[in-house]
Amino acid sequence: MSFTPLTEDGVPTLWNWKSPPPEVFNPVLQIVQMKKTEKENGGIIYRVALSDGDSFLDGALAAKLREQVDCRHIETNVVVKLTEFSVTEMSDRVVVIVVDVVILHNPRFPWGTPSRFTGVVLDAEERQRKSQEPLSLVRDHFVLENSIFDDGPEDVKEGDHTCADCHRTVCHWALYGQQIMSFVDEMCEAEDLNLSNKQIRFLCYSGYSAMRHGYLGKHNRRRIPFCVEEGFRFFYPYDNGSYVGFRSAEGVVTPKRKRVT
(Lines give C-alpha, C1' and ligand atoms only; values in the text may rest on other atoms or scores of the structure.)
Protein backbone atom coordinates (compact mmCIF):
# COMPACT_ATOMS: atom_id res chain seq x y z
CA MET A 1 0.00 0.00 0.00
CA SER A 2 1.49 3.35 -1.02
CA PHE A 3 1.17 6.49 1.09
CA THR A 4 1.24 10.08 -0.13
CA PRO A 5 4.40 11.66 1.33
CA LEU A 6 4.15 14.68 3.59
CA THR A 7 5.05 18.01 1.99
CA GLU A 8 8.72 18.77 2.57
CA ASP A 9 9.17 22.04 4.51
CA GLY A 10 5.38 22.36 4.65
CA VAL A 11 5.40 23.80 8.18
CA PRO A 12 8.15 26.43 7.59
CA THR A 13 6.34 27.51 4.42
CA LEU A 14 3.08 28.02 6.34
CA TRP A 15 4.90 29.79 9.18
CA ASN A 16 6.32 32.35 6.79
CA TRP A 17 3.09 32.74 4.87
CA LYS A 18 1.77 35.94 3.39
CA SER A 19 -1.99 36.34 3.50
CA PRO A 20 -3.98 35.76 1.39
CA PRO A 21 -2.60 32.33 0.45
CA PRO A 22 -2.37 31.50 -3.26
CA GLU A 23 -4.25 28.51 -4.60
CA VAL A 24 -1.14 26.68 -5.79
CA PHE A 25 0.08 25.52 -2.37
CA ASN A 26 -1.92 22.66 -0.87
CA PRO A 27 0.41 20.92 1.60
CA VAL A 28 0.01 17.32 2.73
CA LEU A 29 0.35 17.24 6.52
CA GLN A 30 -0.34 14.89 9.40
CA ILE A 31 -2.51 15.76 12.40
CA VAL A 32 -0.31 14.62 15.27
CA GLN A 33 -2.36 16.17 18.07
CA MET A 34 -6.02 17.12 18.42
CA LYS A 35 -7.80 18.65 21.40
CA LYS A 36 -11.46 19.58 21.87
CA THR A 37 -11.89 22.87 23.72
CA GLU A 38 -15.19 24.25 24.98
CA LYS A 39 -15.52 28.02 25.20
CA GLU A 40 -17.42 29.88 27.90
CA ASN A 41 -20.19 30.82 25.45
CA GLY A 42 -20.79 27.15 24.68
CA GLY A 43 -18.88 27.06 21.41
CA ILE A 44 -16.53 24.21 20.55
CA ILE A 45 -13.18 24.44 18.81
CA TYR A 46 -10.86 21.62 17.77
CA ARG A 47 -7.23 22.63 18.10
CA VAL A 48 -4.71 20.56 16.17
CA ALA A 49 -0.98 20.24 15.59
CA LEU A 50 -0.03 19.93 11.91
CA SER A 51 3.20 18.11 11.07
CA ASP A 52 5.35 17.74 7.95
CA GLY A 53 7.35 14.94 9.62
CA ASP A 54 10.14 17.24 10.83
CA SER A 55 8.23 19.99 12.65
CA PHE A 56 4.70 20.99 13.59
CA LEU A 57 2.69 24.15 14.21
CA ASP A 58 -0.68 25.03 15.71
CA GLY A 59 -3.96 24.89 13.84
CA ALA A 60 -7.71 24.96 14.36
CA LEU A 61 -10.48 23.19 12.46
CA ALA A 62 -13.32 25.22 10.97
CA ALA A 63 -16.87 24.43 12.11
CA LYS A 64 -17.71 22.72 8.80
CA LEU A 65 -15.23 19.92 9.64
CA ARG A 66 -16.84 18.98 12.96
CA GLU A 67 -19.00 16.28 11.39
CA GLN A 68 -15.91 14.54 10.01
CA VAL A 69 -14.36 14.68 13.49
CA ASP A 70 -17.52 13.22 15.04
CA CYS A 71 -17.44 10.41 12.45
CA ARG A 72 -13.74 9.84 13.27
CA HIS A 73 -12.73 10.52 9.68
CA ILE A 74 -10.51 13.25 11.07
CA GLU A 75 -8.56 12.16 14.11
CA THR A 76 -5.03 12.00 15.48
CA ASN A 77 -2.44 10.65 12.99
CA VAL A 78 -4.66 11.10 9.93
CA VAL A 79 -2.89 12.54 6.87
CA VAL A 80 -4.72 15.31 5.05
CA LYS A 81 -4.24 17.64 2.12
CA LEU A 82 -5.15 21.23 2.95
CA THR A 83 -7.41 22.46 0.14
CA GLU A 84 -8.70 25.60 1.85
CA PHE A 85 -7.06 27.38 4.75
CA SER A 86 -5.94 30.72 6.11
CA VAL A 87 -2.89 31.67 8.15
CA THR A 88 -2.96 34.19 10.96
CA GLU A 89 -0.20 35.46 13.22
CA MET A 90 -0.92 35.62 16.96
CA SER A 91 1.77 37.29 19.09
CA ASP A 92 4.84 35.07 18.61
CA ARG A 93 3.21 32.16 16.80
CA VAL A 94 1.34 31.30 13.64
CA VAL A 95 -2.01 29.49 13.57
CA VAL A 96 -3.42 27.74 10.52
CA ILE A 97 -7.23 27.84 10.24
CA VAL A 98 -8.13 24.65 8.37
CA VAL A 99 -11.33 25.26 6.39
CA ASP A 100 -11.40 22.17 4.16
CA VAL A 101 -9.26 19.10 3.54
CA VAL A 102 -8.95 15.93 1.51
CA ILE A 103 -8.48 12.96 3.84
CA LEU A 104 -5.75 10.74 2.39
CA HIS A 105 -5.04 7.94 4.89
CA ASN A 106 -4.33 7.12 8.52
CA PRO A 107 -1.09 5.24 9.23
CA ARG A 108 -2.13 4.98 12.92
CA PHE A 109 1.25 6.32 14.05
CA PRO A 110 3.08 9.64 13.72
CA TRP A 111 5.58 9.99 10.90
CA GLY A 112 9.03 10.99 12.07
CA THR A 113 9.70 12.74 15.37
CA PRO A 114 8.43 16.28 14.72
CA SER A 115 9.22 19.10 17.13
CA ARG A 116 7.49 22.44 17.50
CA PHE A 117 8.65 24.84 14.80
CA THR A 118 10.29 27.91 16.31
CA GLY A 119 11.66 29.56 13.20
CA VAL A 120 11.91 33.29 12.74
CA VAL A 121 9.20 34.86 10.63
CA LEU A 122 10.58 36.04 7.34
CA ASP A 123 10.38 39.76 6.62
CA ALA A 124 9.41 40.26 10.25
CA GLU A 125 9.29 44.05 10.11
CA GLU A 126 6.82 44.08 7.22
CA ARG A 127 4.65 41.34 8.74
CA GLN A 128 4.61 43.19 12.07
CA ARG A 129 3.53 46.39 10.35
CA LYS A 130 0.75 44.67 8.46
CA SER A 131 -0.40 42.69 11.49
CA GLN A 132 -0.93 45.96 13.37
CA GLU A 133 -3.10 47.53 10.68
CA PRO A 134 -6.70 47.84 11.97
CA LEU A 135 -8.26 45.70 9.23
CA SER A 136 -5.70 42.91 9.76
CA LEU A 137 -6.23 42.97 13.52
CA VAL A 138 -10.01 42.67 13.15
CA ARG A 139 -9.93 40.13 10.34
CA ASP A 140 -7.34 37.86 11.98
CA HIS A 141 -9.20 37.89 15.30
CA PHE A 142 -12.56 36.95 13.79
CA VAL A 143 -11.15 34.48 11.25
CA LEU A 144 -10.11 32.46 14.30
CA GLU A 145 -13.64 32.87 15.70
CA ASN A 146 -14.89 31.41 12.38
CA SER A 147 -13.53 28.02 13.45
CA ILE A 148 -16.22 27.85 16.19
CA PHE A 149 -18.94 29.65 14.25
CA ASP A 150 -21.91 27.33 13.74
CA ASP A 151 -23.95 28.50 10.76
CA GLY A 152 -25.49 25.19 9.86
CA PRO A 153 -29.20 24.57 9.36
CA GLU A 154 -31.39 24.99 12.42
CA ASP A 155 -34.13 22.67 13.56
CA VAL A 156 -36.87 25.27 13.11
CA LYS A 157 -40.28 24.06 14.23
CA GLU A 158 -43.62 25.34 13.05
CA GLY A 159 -44.49 28.49 14.95
CA ASP A 160 -40.86 29.37 15.79
CA HIS A 161 -40.01 33.01 15.22
CA THR A 162 -37.01 33.68 12.97
CA CYS A 163 -35.29 36.93 12.05
CA ALA A 164 -36.62 38.19 8.71
CA ASP A 165 -33.09 39.21 7.66
CA CYS A 166 -30.66 36.50 8.82
CA HIS A 167 -33.37 33.81 9.08
CA ARG A 168 -32.10 32.54 12.44
CA THR A 169 -34.16 31.90 15.57
CA VAL A 170 -31.64 34.06 17.42
CA CYS A 171 -30.84 37.15 15.33
CA HIS A 172 -27.16 37.40 14.40
CA TRP A 173 -27.15 41.07 15.35
CA ALA A 174 -28.37 40.25 18.86
CA LEU A 175 -25.93 37.35 19.09
CA TYR A 176 -22.73 38.85 17.68
CA GLY A 177 -23.17 42.62 17.26
CA GLN A 178 -21.99 43.64 20.73
CA GLN A 179 -19.06 41.22 20.61
CA ILE A 180 -17.80 42.71 17.35
CA MET A 181 -18.32 46.33 18.39
CA SER A 182 -16.57 45.76 21.73
CA PHE A 183 -13.51 44.29 20.03
CA VAL A 184 -13.32 47.13 17.48
CA ASP A 185 -13.82 49.84 20.13
CA GLU A 186 -11.21 48.31 22.45
CA MET A 187 -8.75 47.96 19.56
CA CYS A 188 -9.25 51.61 18.54
CA GLU A 189 -8.65 52.72 22.13
CA ALA A 190 -5.59 50.48 22.61
CA GLU A 191 -4.03 51.58 19.31
CA ASP A 192 -5.05 55.23 19.85
CA LEU A 193 -6.86 55.31 16.52
CA ASN A 194 -9.00 58.28 15.54
CA LEU A 195 -11.31 56.67 12.99
CA SER A 196 -14.47 58.02 11.43
CA ASN A 197 -17.80 56.24 11.89
CA LYS A 198 -17.54 55.10 8.28
CA GLN A 199 -14.17 53.45 8.94
CA ILE A 200 -15.44 51.81 12.13
CA ARG A 201 -18.51 50.46 10.33
CA PHE A 202 -16.24 48.94 7.69
CA LEU A 203 -14.17 47.22 10.39
CA CYS A 204 -17.34 45.87 12.02
CA TYR A 205 -18.67 44.61 8.68
CA SER A 206 -15.30 42.94 8.02
CA GLY A 207 -15.30 41.38 11.49
CA TYR A 208 -18.75 39.84 11.00
CA SER A 209 -17.85 38.58 7.51
CA ALA A 210 -14.59 37.03 8.78
CA MET A 211 -16.37 35.34 11.68
CA ARG A 212 -19.12 33.93 9.48
CA HIS A 213 -17.22 33.07 6.28
CA GLY A 214 -13.53 33.01 7.24
CA TYR A 215 -11.06 34.49 4.80
CA LEU A 216 -12.88 35.04 1.50
CA GLY A 217 -9.99 36.25 -0.65
CA LYS A 218 -9.53 39.37 -2.70
CA HIS A 219 -12.66 40.65 -4.49
CA ASN A 220 -14.77 37.78 -3.11
CA ARG A 221 -17.62 39.52 -1.31
CA ARG A 222 -20.68 38.31 0.59
CA ARG A 223 -23.65 40.46 1.57
CA ILE A 224 -24.18 40.62 5.31
CA PRO A 225 -27.72 40.39 6.75
CA PHE A 226 -29.66 43.65 6.86
CA CYS A 227 -30.21 43.29 10.63
CA VAL A 228 -26.46 43.28 11.22
CA GLU A 229 -25.86 46.13 8.78
CA GLU A 230 -28.57 48.31 10.35
CA GLY A 231 -27.26 47.56 13.85
CA PHE A 232 -23.79 48.87 13.05
CA ARG A 233 -25.30 51.88 11.27
CA PHE A 234 -27.34 52.74 14.37
CA PHE A 235 -24.26 52.87 16.61
CA TYR A 236 -21.93 54.41 14.01
CA PRO A 237 -24.20 56.61 11.86
CA TYR A 238 -23.13 58.63 8.83
CA ASP A 239 -23.64 62.37 9.30
CA ASN A 240 -25.76 62.95 6.21
CA GLY A 241 -27.56 59.61 6.40
CA SER A 242 -26.23 58.45 3.03
CA TYR A 243 -24.60 55.03 2.88
CA VAL A 244 -22.71 53.23 0.12
CA GLY A 245 -24.33 49.87 0.83
CA PHE A 246 -23.23 46.50 -0.52
CA ARG A 247 -21.12 46.50 -3.66
CA SER A 248 -20.36 43.31 -5.56
CA ALA A 249 -16.85 42.49 -6.78
CA GLU A 250 -17.88 43.62 -10.26
CA GLY A 251 -18.86 46.99 -8.85
CA VAL A 252 -15.57 47.44 -7.02
CA VAL A 253 -12.95 46.14 -9.43
CA THR A 254 -11.99 48.69 -12.03
CA PRO A 255 -12.91 47.24 -15.44
CA LYS A 256 -10.20 46.76 -18.01
CA ARG A 257 -10.05 49.36 -20.71
CA LYS A 258 -11.28 48.20 -24.05
CA ARG A 259 -8.85 48.23 -26.89
CA VAL A 260 -9.66 50.94 -29.42
CA THR A 261 -9.56 49.74 -33.00
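**Helix H5 and its neighbours**

Colleague: Happy to look at this with you. How does H5 pass H7, with a left-handed or a right-handed crossing?

Modeller: Bear in mind that this is a predicted model. In it, H5 and helix H7, residues 226–235, pack with their axes 9 Å apart. The crossing in which H5 passes H7 is right-handed.

Colleague: Thanks! Are H5 and H7 roughly parallel or oblique to each other?

Modeller: Their packing angle is about 40 degrees. Angles under 35 degrees would count as roughly parallel. H5 and H7 are therefore oblique.

Colleague: Which residues in H7 meet H5, and how many of the residues of that contact are nonpolar?

Modeller: On the H5 side, the contact uses His172, Trp173, Gly177, Ile180 and Met181. These meet Cys227, Val228, Gly231, Phe232 and Phe235 in H7. The contact has no charged residues and three polar ones, and the number of nonpolar residues is seven.

Colleague: Let's turn to H6. Why is H5 oblique to H6?

Modeller: H5 covers residues 172–190 and H6 covers residues 197–213, with 10 Å between their axes. The angle is about 125 degrees, whereas roughly perpendicular ends at 115 and roughly antiparallel applies over 145. That makes the pair oblique.

Colleague: Which residues of H6 make the contact with H5, and how many residues of the contact are charged?

Modeller: The crossing of these two helices is right-handed. From H5 come His172, Tyr176, Gln179, Ile180, Met181, Val184 and Met187, and from H6 come Ile200, Leu203, Cys204, Gly207, Tyr208, Met211 and Arg212. Ten of the residues in the contact are nonpolar and three are polar, and the number that are charged is one.

Colleague: One last stop, at Glu133. What separates the C-alpha atoms of Glu133 and Glu191?

Modeller: Glu133 is found in the loop between helix H3 (124–131) and helix H4 (134–146). At 30% relative accessibility, Glu133 counts as partly exposed. Glu133 and Glu191 are 58 residues apart along the chain, and their C-alpha atoms are separated by 9.6 Å.

Notes: Residues numbered from 1 in each chain as written. Predicted model: local features only at pLDDT ≥ 70, side-chain atom pairs only at ≥ 80, totals over all residues. Heavy atoms only, no water. Axes fitted to C-alpha atoms, helices over the stretch in contact; angles between N-to-C directions. Helix = DSSP H or I, 4+ residues; strand = E, 2+ residues; numbered from the N terminus. Parallel < 35°, antiparallel > 145°, perpendicular 65-115°, else oblique. Left-handed = near helix turned anticlockwise from the far one by under 90°. Contact = heavy atoms within 4.5 Å. Nonpolar A, V, L, I, M, F, W, Y, C, P; charged D, E, K, R; others polar. Buried < 20%, exposed > 50% of the residue type's maximum accessible area, 1.4 Å probe, protein only.
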